[in-house]
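Subject: Structure handover

Hello,

I am passing a structure on to you. Please open it first, then read my notes below.

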Amino acid sequence: MKNLEESIEHFAELTPDKAAVITGRETLSYASLWSRIQEKAGRLKSEGLSVGKPYVFLTTQDADFIATYLAVHLCGAIAVPLEASTPKERQQQIRDELNGQDTLTSTNGNEMVNGKWSNAKCSDILYTTGTTGQAKGVMLSAKAWTANAENLMDRLGFTSDLLFIVCGPLNHLGSLSKIYPTLMSGATLYILESLKDLNAFFSVFELPFPKFATFLVPSSIRMLLQIASKNLAAVAQKIDFIETGAAAITQSDMELLCKILPHSRLFNTYASTETGIVCSYEFSRYGCVPGLLGKPMKHSSVRIGEDGRVICSGATLMSGYVGAPQLTAQVLKGDEIYTSDIGTLDNQGMLRLQGRQDDVINVGGYKVNPSEVEDAVSGFASIADCICIPARHILLGTVPKLLYVPKPGKEVKPKDIADFLRGRIESYKIPLLYEAVDVIRHTYNGKLDRKAYNLANQ
Amino acid sequence: MKERIIELLTGALPMVDLESDFLFSELDSLGVTTILMLLSEEYGIELEAKDATPKNLKTIDSIVKMVEEKVKMKK
């Protein structure tokens, strides 16, 4: 199968005028997208980007992002898209770390194939908290991306007459992975900045396409069900499928979505940056069961370890964590990824998730390591102690909550803490809920007693 | 009404600068939904996706105006 860049070149010849990427500002045909990618690649090369070198850039949720991302691949270089809100200091830190990686060029194995650069082991580095709970760069190969695309095309069914709406951040696997099967099928991608302008989201359905599809995290589905169920029902006939994943969706939300969209195919997918896209379950067809994620897809296998952990193998797996061989070895053992998810396989081989083994808080698909939040808060002069814990939220399911002890005589308002954290950590890691307390519980050896707080919240 | 709305939204969205002249640009999808849900509940009005326009959510004053109009329509 052709890779993404080869597919775009192919469709630029076969269906040059067909819309490849649409945004609120412009429409790029396959011919113009391919032309922009080549033009951008030429510019990047003239600026010194070469094979195996990392290219760090911010995710802008537009056609330029797609062109830049693919142009970096055309140069045989490594795309490192960062969240738009990444603080400047962090951006520079990542650039410095990657440029200091002597092994990056020698191990990524990029090579010239048929006159084109083919990225063998590392075409992308995506920064995530993910499986280990520590922020790190996950190296993904072109081969893994193609396998992810084939998994999605096989299970979800992408066809050339589809308009796929991306409304999540393109530096995350959930949304970035969808540009592959969409453009490799000769279909059309619509990029929205986010889902906050729901009128913009629903206006996409007025475009002259026979069918539409999208990926929505469970909190976005909850949001649509809460305030836009009428709008959703009005476009029900046009929705071919919706895929969800990255966090748990409740049974009641699944059932309500099935009721509003009786003719659409609705999928719950198991994926992570490290494992790639592994399983997907069509709950609109087989029944709404919380945690049920279906059988592994064509390029993937799943088994359950003795401790109940989900262990994945197959062509979609990451190549490793950049510059962190020890961390890689903890997760990638042989040709298997040991996740922090706890699950079971039923007698039909379907995966069912039951929770996580670590302290990571899953906020609508974003993974937040509470220690990182506490470390950032520790720089706030008026706070003596704090702990970041998971708490229930009507929309997001679980969100980070900060319990904090103000220093004697100091009054600390939640907004002051949130303002302090802005620019120090990514926006999705900033706690949504706050509570001033007299004391934070610690274990006998002085560590934060997370277990006590987590139990109290159950 | 404005004071009550500020009080409600400050508690629910501590990260958002409610005094901003570009409030909508500060919000994410969760923020937009939170505002609509909280105000619907507080004032017994129906706020839907079509109300979540950049114009209606531009400033705290435009939010107050939207709520006042909805309350008036209810009567």
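Here is what was found, part by part.

This is a predicted model: local features need pLDDT of at least 70, side-chain atom pairs count only at pLDDT 80 or more, and totals for chains, interfaces and linings use all residues. Residues are numbered from 1 along each chain as its sequence is written, while chains are lettered from A and ligands numbered from 1 in the order in which they are written.

Domains

Chain A splits into domain 1 (4-356) and domain 2 (361-457). These bounds come from an automatic or database domain assignment. The C-alpha centres of the two domains of chain A are 30 Å apart.

The sheet in chain A

Helices (H or I, at least four residues) and strands (E, at least two) are DSSP runs, numbered from the N terminus. Two strands pair if DSSP finds at least two bridges between them.

An open sheet of 8 strands runs S2-S1-S10-S9-S11-S12-S13-S14 in chain A, with mixed pairing. Its edge strands are S2 and S14 (276-282), each pairing on one side only. On average, neighbouring strands of this sheet are turned by 20° against each other, direction ignored.

Start at S1(A). Strand S1 (residues 19-22) runs antiparallel to strand S2 (residues 27-29) of chain A, and 3 bridges join them. The two form a hairpin, with 4 residues between them. Val21(A) faces Leu28(A) of S2(A) across this pair. S1(A) is also joined to strand S10 (residues 188-191) of chain A, by 2 bridges and in parallel. There, Ile22(A) stands opposite Tyr190(A).

Further along, strand S9 (residues 162-166) of chain A runs parallel to strand S11 (residues 211-215) of chain A, with 4 bridges. Phe164(A) is set opposite Ala213(A) in S11(A).

Helices on the sheet

Axes are lines fitted to C-alpha atoms, for helices over the stretch in contact, and angles run from 0 to 180 degrees between N-to-C directions. Residues are in contact if their C-beta atoms, placed from the backbone, lie within 7 Å.

Helix H2 (residues 30-46) of chain A lies across S1 and S2, at about 90° to S2(A). Helix H6 (residues 142-156) of chain A lies across S12 (239-245), S13 (265-272) and S14 of chain A, at about 5° to S14(A).

Where chain A meets chain B

In the contact, 23 residues of chain A touch 18 residues of chain B. On the chain A side, H8 (198-203), H9, H10 (229-234) and H15 (414-421) each supply at least two residues. H9(A) gives the largest share, 5 residues. By class, this side of chain A has 12 nonpolar, 6 polar and 5 charged residues. Ala, Val, Leu, Ile, Met, Phe, Trp, Tyr, Cys and Pro count as nonpolar, Asp, Glu, Lys and Arg as charged, and the others, Gly among them, as polar.

What does H9(A) pack against in chain B? Helix H9 (residues 218-227) of chain A packs on helix H3 (residues 29-43) of chain B at about 30°, with axes 11 Å apart. H9(A) and H3(B) are therefore roughly parallel (angles under 35 degrees count as such). Among the residues that meet are Ser219(A) and Met223(A) from H9(A), and Leu30(B) and Met37(B) from H3(B). This contact of H9(A) with H3(B) has 5 nonpolar, 5 polar and no charged residues.

Best wishes

Definitions and conventions:
Angles under 35 degrees count as roughly parallel, over 145 as roughly antiparallel, 65 to 115 as roughly perpendicular and the rest as oblique. Two residues are in contact if their C-beta atoms, placed from the backbone, lie within 7 Å.
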